[in-house]
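Work through these exercises with the structure open beside you. Try each task before you read its solution.

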Amino acid sequence: MRIRNGWAALLVGVPLAFMAAFFLVPFFVVVMASFQTKDGAWSLANYARILGDSYYPSILYVTFKLSLIATLVSFVIGYPIAYYIVNVVRSRMARRICYILVIMPLFTSNIVRSFGWMILLGRQGLVNTTLMTLGLTDRPMPILFTELSIIIGLTYILVPFMVLTVAGVLQTIDKSLVEAALDLGANRFVTFAKVTFPLSLPGVVAGSLIVFTLAVSAYVVPSIMSGGRTVVMAMSIFEQYGSLFDFNFGAALAVGLLVVTLVLIALYLFFIERQPAGRQAVRS
Amino acid sequence: MNNGYIRVEHLTKRYGDLVVLNDISLDVAEGEFLALLGPSGCGKTTLLRAIAGFVEFSEGDIRIDGRSMKRLPPNRRPVNTVFQNYALFPHLTVAQNVGFGPRRAGKVAAEVASIVEECLSTVGMAAYGERFPAQLSGGQQQRVALARAIANRPKVLLLDEPLGALDLKLRKQMQIELKTLQQKLGITFIFVTHDQEEALVMADRIAVMDAGRIAQIGSGRDIYHAPAERYVADFIGDANLLAATVAADGSLAIGSLSIAARHGAAAGSKATYLLRPEAIRVDHAQDPSADFVSLPACVQEIVFAGGIIRIYAVSSDGQEIVAQQTALAGEAPIAVGDEVVLSWHRDSGRVLTK
Ligand SMILES: Nc1ncnc2c1ncn2[C@@H]1O[C@H](COP(=O)(O)OP(=O)(O)OP(=O)(O)O)[C@@H](O)[C@H]1O
Ligand SMILES: [Mg+2]
């Protein structure tokens, strides 16, 4: 069936207009604001202030460090789950149930979920009482309100994104390629390392990009799970906009975060592109 | 041949209630070229995959060189497979694809490189080592798949309709090449096809399969000229299959004809009389020879098919019979509507009781 030109224009135009109105316009407003002082004069003062002392660079560093760790942990946890669902679970019904279980964490509200983690990870929480009952530690371990608790909270909501993206790609891998590898004398482990994993790289790349960007921009989880003791960029930006009403400096922080994120993603893709197996991953 | 190199013993495979392989027994000699021939869904692929180790079987055993394959995983069996869709690794170059097996066998880089070069030149693809599979035509991919499968020097090569995706001309060329290669390397080939001509051209022996069982196994000539049952006769080549009844004196009654023929059937039982179209002569006049059976008929249709012509005729007692002749220019022409005499040597017909 061919779509007539008028319809095609409408189908493409509506989302484009939506993007322009609610994404591009605000984006340019923010970028412009970041280059202005409070009085509306053009200036680089906001950026000079970010780089002026080590406070904001260190927040930026913490933000990316936590996001990177959360991404790595999501991969380590998510990949095996995706592999299990696609290649081990046989029945279609069981597979569907697995997918529902995987996205279950996303069903509850961010805030309720984070308070749930507080109950689990607190000094008198389930984790610490269990550890103490087992005699693994004699004093409660500080878990809550540390970087560790932020990573736990982030990973918990990000794993589903990794699982779904990786599973989507694993599903498309032709089973006869695995059989061919076995047939040529590779054992299960080598078959995974030489065939399945390289072919699933597009999923890993896409999944890690999604997870990383979500982690960088996360606000609710870090602000609740850190108890205010660790600050990430999203919290700083919100503070500027929401409490200090310095829209220009907030804008500069937001643009700075965006630029650094884009640079890191570009470096990542560049690195992947240079690997022989990764070249295909990026192209496809 | 009771000391096969590959022995399939009473192999049975079920999927739930569906019996896909039904008590299959089969011996293949070392260096033999065996074709598995049968219609779609008869279990050819399943049998091949059972030998390769991808299908666990319910009952029976497979032995290669005396060794039971039952508990051996695919990567430890002395067989390699050319897959129907080639299954080339898309993320590896042609050379890396071919080198995959030797590498797994622990060969050092220089050795792998020389094996890759040798195998690629065997299939005429030496110049394509650095390409990726997606950059090759179907026929080239097929050659690479073959090179990859022989790189491990397997004792047995399993091929699942490897020529299925090629056009007719390339297919015929590859049939000859594959046969030559098999003789050169001395590898035992088990070759799945549903193209009877392909099986006849290439194989030393053909196993004709029918719904999970082997209906007949033998040389192409055996199967063509001496089919064991009606199913095989019908499946291989064109055939006139005439319903016959065994008379009290042992002769066959086919319509108004009575033919003395050798068979083991009891008087009164039903049988099928097989007559290949090319065994039938079509003349305007009666042939006087006593060794010939003759049947008056009327020509209904004539089909010109290049080197041969097919003549569709209905006999005076209502049997539809097709005859085939070489179409030599200048021969006394036969036209639609002619009254003719069909005749054939009495030894060229065959009685099938199954
Ligand atoms: N995994 C499976 N589960 C259930 N039934 C199966 C399975 N694999 C094959 N079958 C059935 O087994 C029968 C034989 O299949 P097989 O693939 O061996 O046929 P084939 O002779 O290779 O046919 P074709 O010429 O079409 O390739 C078919 O009826 C098919 O539906
Ligand atoms: Mg098949």
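**Exercise 1.** Which residues lie around ligand 1? Sort them by class.

*Solution.* Start with the list. In this predicted model, the residues around ligand 1 are Tyr15(B), Leu18(B), Val20(B), Ser40(B), Gly41(B), Cys42(B), Gly43(B), Lys44(B), Thr45(B), Thr46(B), Glu161(B) and His194(B). Next, sort them. Four are nonpolar, six polar and two charged.

**Exercise 2.** Find polar atoms of chain B that lie close to oxygen atoms of ligand 1, within the 3.5 Å cut-off for a polar contact.

*Solution.* Take the side chains, then the backbone. A polar side-chain atom of Ser40(B) is 2.4 Å from a ligand 1 oxygen. For Lys44(B), a polar side-chain atom lies at 2.7 Å from an oxygen of ligand 1. Cys42(B) uses a polar backbone atom, 3.2 Å from an oxygen of the ligand. Last, find the elements. Strand S2 (18-28) and helix H1 (44-52) of chain B each give two or more residues to the shell. H1(B) has the largest share, with three residues.

**Exercise 3.** Describe how chain A meets chain B.

*Solution.* Count first. 18 residues of chain A contact 21 residues of chain B. Then take the area. The two chains bury about 1800 Å² between them, 62% of it on carbon and sulfur atoms. Now look for charge pairs. There is one salt bridge between the chains. It joins Arg49(B) and Glu179(A), at 2.7 Å from N to O. Finish with the elements of chain A. H8(A) gives the most, seven residues.

Notes
Residues numbered from 1 in each chain as written. Chains lettered and ligands numbered in written order. Predicted model: local features only at pLDDT ≥ 70, side-chain atom pairs only at ≥ 80, totals over all residues. Heavy atoms only, no water. Contact = heavy atoms within 4.5 Å. Buried area = accessible area lost by both parts, 1.4 Å probe. Salt bridge = Lys/Arg side-chain N within 4 Å of Asp/Glu carboxyl O. Helix = DSSP H or I, 4+ residues; strand = E, 2+ residues; numbered from the N terminus. Near = heavy atom within 4 Å. Polar contact = N/O pair within 3.5 Å; in protein donor to acceptor, adjacent residues only side chain to side chain. Nonpolar A, V, L, I, M, F, W, Y, C, P; charged D, E, K, R; others polar.
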